[in-house]
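Visitor: I have a structure to go through and would like to talk it over. Can you take my questions as they come?

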Amino acid sequence: MNRVAAITLALSAGLLAALPAAAVDAGAPAPEFNLPGSRGAVSLAALKGKLVYLDFWASWCGPCRQSFPWMNEMQAKYGPKGLQIVGVNLDAKRADADKFLAEVPASFVLAFDAQGDTPRRYAVKGMPTSMLIGPDGKVLLVHTGFREEERKQLEEAITAALK
Amino acid sequence: MTTDTAVHPTMNQRTFAALLLLCVSLAGCADFQAPRPWEKGLLAKKEMSLGGDALEQRFDQHILNSKEAAAGGSGVGGGGCGCN
């Protein structure tokens, strides 16, 4: 019996170690991050009091490319009202991100996380993943993917949070 | 009889040790997990897709789309969001 128990324990210990991080859902506090960015370091704590639209993207991701014009538009429209869009690039090579940005310019704050530590802690399940984080630092919305027809719905979430 | 009891426990211990080693190494396999959504940059490259010819692939996709009412799954574009 002891042997069976030992084997079971060894197996479950191995399996537990492989479990992914718990999901970050609406209502949960957004994990803190501090990343190098296009205009200096970007940290969530420094953005407290603002509505943050956090977007995880990569140069190889098609829907990400589609989302950039929309994010630029939202930043221009709601920036003065307290919205800050932060695009976290997850490319392994910075050169890939720079090439993408030369083609698709971004007028919002950019951060770079080549190690993938931030998406791990945010339990990102698809690309792109965006999260709306309230001024109190709590997650309001988690959204995976980007389709043209979702523009309106996402904008409504932003306007509702700015009220 | 005396040799039997002397040999048997050691045999059992060896079997047990082998079993334990097998289990521990098998559990190690659980650590080899699929690439995370943000780690699919290389997989998203055109040359990583199944089949070589772009036109042929589009044709295959079209057939799949019309016969199975299903799309995607033939490569990495969006990383599991179902778009692109």
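This is a predicted model: local features need pLDDT of at least 70, side-chain atom pairs count only at pLDDT 80 or more; totals for chains, interfaces and linings use all residues.

Visitor: How many helices and strands does chain A have?

Guide: Chain A has 5 helices and 7 strands. Along the sequence they come in the pattern α-β-β-β-α-β-α-β-α-β-β-α.

Visitor: And the secondary structure of chain B? How many helices and strands there?

Guide: Chain B has 2 helices and 0 strands.

Visitor: What percentage of each chain counts as buried?

Guide: In chain A, 29% of the 163 residues are buried. For chain B the figure is 14% of 84 residues.

Visitor: Back to chain A. Of its contacts between residues at least 6 apart in sequence, what share joins residues at least 24 apart?

Guide: That share is 71%.

Visitor: Now the largest nonpolar core. How many residues does it have, and which have the most contacts inside it?

Guide: It has 31 residues, and A58(A) and I133(A) have the most contacts inside it.

Visitor: Which elements give two or more residues to this core?

Guide: In chain A they are the strands β3 (51-57), β4 (83-89), β5 (109-112), β6 (129-133) and β7 (139-144), together with helix α2 (62-78). The largest share, 5 residues, is from β3(A).

Visitor: What about phi of A123(A)?

Guide: Phi of A123(A) is near 50°, which is positive although the residue is not glycine. A123(A) also lies in the loop between α4 and β6 of chain A.

Visitor: Why does A123(A) count as partly exposed?

Guide: Because A123(A) has 16 other C-beta atoms within 10 Å, and a residue is buried at 20 or more and exposed at 12 or fewer.

Visitor: Change of topic: helix packing. At what angle do α2(A) and α5(A) pack?

Guide: Helices α2(A) and α5(A), the latter covering residues 151-162, pack at about 25° with their axes 12 Å apart. Angles under 35 degrees count as roughly parallel, so α2(A) and α5(A) are roughly parallel to each other. Their crossing is right-handed.

Visitor: Which residues meet there?

Guide: From α2(A), W70(A), M74(A) and Y78(A); from α5(A), R151(A), E155(A), I158(A) and L162(A). By class, the contact of α2(A) with α5(A) has 5 nonpolar, 2 charged and no polar residues.

Visitor: Take I158(A). What else is it in contact with?

Guide: Beyond its sequence neighbours within four places, I158(A) contacts Y53(A), M74(A), Y78(A), L83(A) and L132(A). The C-alpha atoms of I158(A) and L51(A) are 8.3 Å apart, though the two are 107 residues apart along the chain.

Visitor: How many C-beta neighbours does I158(A) have inside 10 Å?

Guide: I158(A) has 19, so it counts as partly exposed. The cut-off for buried is 20 or more.

Visitor: Now S130(A). Where is it?

Guide: S130(A) is in strand β6 of chain A.

Visitor: Buried or exposed?

Guide: S130(A) is buried, because 25 other C-beta atoms lie within 10 Å.

Visitor: What does S130(A) touch?

Guide: Not counting residues up to four places away in sequence, S130(A) touches Y53(A), L54(A), D55(A) and H143(A). S130(A) and H143(A) are 13 residues apart in sequence and 5.1 Å apart from C-alpha to C-alpha.

Visitor: Last one, S107(A). Where does it lie, and what does it touch?

Guide: S107(A) is in the loop between α3 (94-103) and β5 of chain A. Setting aside residues up to four places away in sequence, S107(A) touches N72(A), Q75(A) and A76(A). S107(A) is partly exposed, with 13 other C-beta atoms within 10 Å.

Note on methods: Residues are numbered from 1 along each chain as its sequence is written. Chains are lettered from A and ligands numbered from 1 in the order in which they are written. A nonpolar core is a set of buried Ala, Val, Leu, Ile, Met, Phe, Trp, Tyr and Cys residues joined through C-beta atoms within 7 Å. Helices (H or I, at least four residues) and strands (E, at least two) are DSSP runs, numbered from the N terminus. Axes are lines fitted to C-alpha atoms, for helices over the stretch in contact, and angles run from 0 to 180 degrees between N-to-C directions. Angles under 35 degrees count as roughly parallel, over 145 as roughly antiparallel, 65 to 115 as roughly perpendicular and the rest as oblique. A crossing is left-handed if the near helix is turned anticlockwise from the far one by less than a right angle, and right-handed if clockwise. Two residues are in contact if their C-beta atoms, placed from the backbone, lie within 7 Å. Ala, Val, Leu, Ile, Met, Phe, Trp, Tyr, Cys and Pro count as nonpolar, Asp, Glu, Lys and Arg as charged, and the others, Gly among them, as polar.
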